[in-house]
Amino acid sequence: NTACQLLEKQWLQVNVEPLTKEELIQVIQIKFPVLNTIASRMVTLYLNFSVGEHEVSSKTIKPLKTSGRLISTRDLMKWCSRAQIGFNVSSPESALKVLQDAIDVFCCSISSSEERLELAKSVAACLGIIHSKAEYFCNTYKPAVTLTKNFCTAGRISLPVLPSDDLVKNRKLNLKFAFTRPASCLIERVAVCLSLQEPVLLVGETGTGKTSTLQLLAHHTGHTLVVVNMNQQSDSADLLGGFKPVDMKYVMTPVREEFEKLFRSYFSVEPNLKFLQHISTCFVGKRWATLLNLMKHCVNSAIIRLKSDQSNRQSKEKWLKLRDKITKVETQLKQGSALTFTFVEGTLVRAVKEGHWVLLDEINLASAETLQCLSSLLEGGEGTLSLLERGDTAGVKKHPEFRLMAAMNPATDVGKKDLPPGIRNRFTELFVDELTNSTDLGILISCYLKDLPPAKVDALIKFYLAARVQAVSTLADATGHKPHYSLRTLCRALAVAVKNPCGNIQRSLHAALSLSFLTQLDSKSHDVVHKMINKAVLEKGDIKSVLGQPIPEPLPVNSHICFEGYWVAKGNHTLFVPDKYILTPRVRQNLQDLVRAVSLSLYPVLLQGDTCVGKTSLITYLAQSTGNKCLRINNHEHTDLQEYIGAYCADPETGNLVFREGVLVQAMREGYWIILDELNLAPTDVLEALNRVLDDNRELYIPETQETVQADPKFRLFATQNPPGLYGGRKVLSRAFRNRFIELHFNEIPGPELETILHQRCDMPASYCKKLIAVMMDLQLRRRGSAAFAGKQGFITLRDLFRWGERYRLAKQGENMTFYDWDQHLADEGFLVLAGRVR
């Protein structure tokens, strides 16, 4: 703002007034002559949405309530561009298409379905169409979606499929998609936007299928969908590109490719095969100076030959451009620096050139400054992109197949904010509703479990809807917050059940629903939902017999180890069962919950509980016992994304600046287990960048190397945290982030079990164990009523207790005296362990 104020004195300001009603009608009649007869009605409707922005003489205009999105003349032009396609003034179908386009452009950004319907009725009234048609399009209309070899057709629009040779690389996607009414409508609306080259923004709660819909469309039309997870640390360089340290080979490759292409098009190849082979040898051997001299000599001779030939002017320009590039590289090489910096194009620029589709996920996490670089690209078919940092004067040539999409959660969640109005208005915004209709839920469940009887499908629908109602009114998770059940929660349960890991579909369905809906709840809510699951899945007399059946060992034989009745895959490392890890009843219960999550699915697991209840140690125990290598990242309030993904650093051997991959990338490549410790200490916006790893996609995009890393099948991600509010610096994670985890809550270990752990782990007599536990209970009781930092843990934690016990064990090993006052020894050691922290 300060810079703007300074410039105001130097620049001449010209205020551009909005167009009047008459001017808008005139613009439409000239730009879209086919709409001449309805131009007046269209402008009147538009002014209802943007009242206050334009000079209007008519008193008939009633302002309509809209969402936080700014409605501008851009939306009116967008509507006109859509309406003119196939418009016939005497056709009732054309009138309905104009209404449908108006609802898409003006109403579909509204989050409330009731408000959306009222708005659609007002739109219909303005256009002279009966209300029932607006109700039909909002509540009943379901477009037919057909996927053929050449076209992907959704209702009123057909998208052409790319030729088959381009399609092969996209056939890996294994996506279950249920064509429910909301999903079919969304596919049609998105397809219309894509066909007209409109950038599209999907807004909706987490787990409503925003990304899945775009993945499906890209998959069936044969396009590559590049997903970029935006976060607060996203920079315009991640999208557009920037100067980065590279190997000289990276600089030489495009120059050599361009040279060979020009050489083959101008010179005869047969007589020059030996020369081309020499070029190839120099390139492989990294003899850059020789290679440049050879190419330079050839380029100069071509330019001399072309001087006299005026007909090949275009070819001459290409050779001259190549000579400039060779000169630049030669200058770079002569400097003799170990580091070679060059401009590396970003994901967005490469997609613009190659015709890929780009999805900017969680776009409202990025800063407004980063998003401003998209402004010129968001102007539909006419949009351009300029790389001023590279020194380009002309814009990047846009491939006709390139499309830009974005997705975000509403600004009602932790860390989420509204998009800047100038950016948001350039998108065609569509709100994605949560699926709550029984018929649509039936279609979804049958898509996963095709052979499930209709009665069971109905029971599952009733359970899901009842669980959502209960979550809002009575249920609570272990931290006292309301649990969030989304479509992702249900789909994950169905995806586990369809694999039938328990050998019995009822048992598998029960385990899958328990995994998705039960684990994060407190004991009271747990009992309520557990009864609901039993009622939905099992008959009254079958509960014990079905749940008591052993789970068969997965194939191949001896590739898994059985823990608490569940099978966990063996890792590639030596199995080691820690003998000092004591399995008490409470620890066994925690282990069973963890093993069930690991055995039945590949989803990330979040362990929450007070300090020292054994969250990290339990994961480490399971990893060691199954031969899996376990890595750990300790989060803190200054945790940076580079700690996860990696950063540029100096190579100790060569001194070159190289990209060193982070712990998370290493774990994903090698199939290790990784623990993100103290998860809610890290900044929320940094964590949101990991969403693609936590999704079913299990992939991570590295902006620095522009590589997408796919997780190894054995890779597992765990996270631990203390409850927010009770411990300093711990934050509440966003719904969108937490919903991607299977949540487990660990309660405190009871006193008698602590005695057992101390007795077996520290070789301490039971009488001494009781004394130590009694001291801990007494100190915690004294501290419990205090509001001071750390609450009841302020004087002593379980870690202090085990440290105290360990001092006894070590002293016992080195003691040879026949009589020794161990009571006094314990008192002295306890004082030394605990007194240092008390003021």
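In which sense do β5 and strand β8 (residues 357-361) pair, and over how many bridges? They pair in the parallel sense over five bridges, where two strands count as paired if DSSP finds at least two bridges between them. This is a predicted model, in which local features need pLDDT of at least 70 and side-chain atom pairs count only at pLDDT 80 or more, while totals for chains, interfaces and linings use all residues. Residues are numbered from 1 along each chain as its sequence is written, and side-chain values use heavy atoms, with hydrogens and water left out.

**The parallel sheet**
- Five strands, paired in parallel, form an open sheet in the order β5-β8-β9-β4-β10, strands being DSSP runs of E with at least two residues and helices runs of H or I with at least four, numbered from the N terminus.
- Because β5 (225-229) and β10 (428-432) stand at the edges with a single partner strand each, one side of each is left without a neighbour in the sheet.

**The hairpin**
- Strand β11 (residues 560-563) pairs with strand β12 (residues 566-569) in the antiparallel sense over four bridges, and Cys 562 has Trp 567 in β12 as its bridge partner.
- Two residues lie between the strands of this hairpin, in which Glu 564 takes a positive phi near 50°.

**The whole chain**
- The protein chain has 35 helices and 21 strands, and its C-alpha trace spans about 110 × 80 × 65 Å along its principal axes.
- Of its 839 residues, 51% count as buried, meaning under 20% relative accessible area with a 1.4 Å probe and protein chains only.

Technical notes: Buried means under 20% relative accessible area, exposed over 50%, partly exposed in between (1.4 Å probe, protein chains only).
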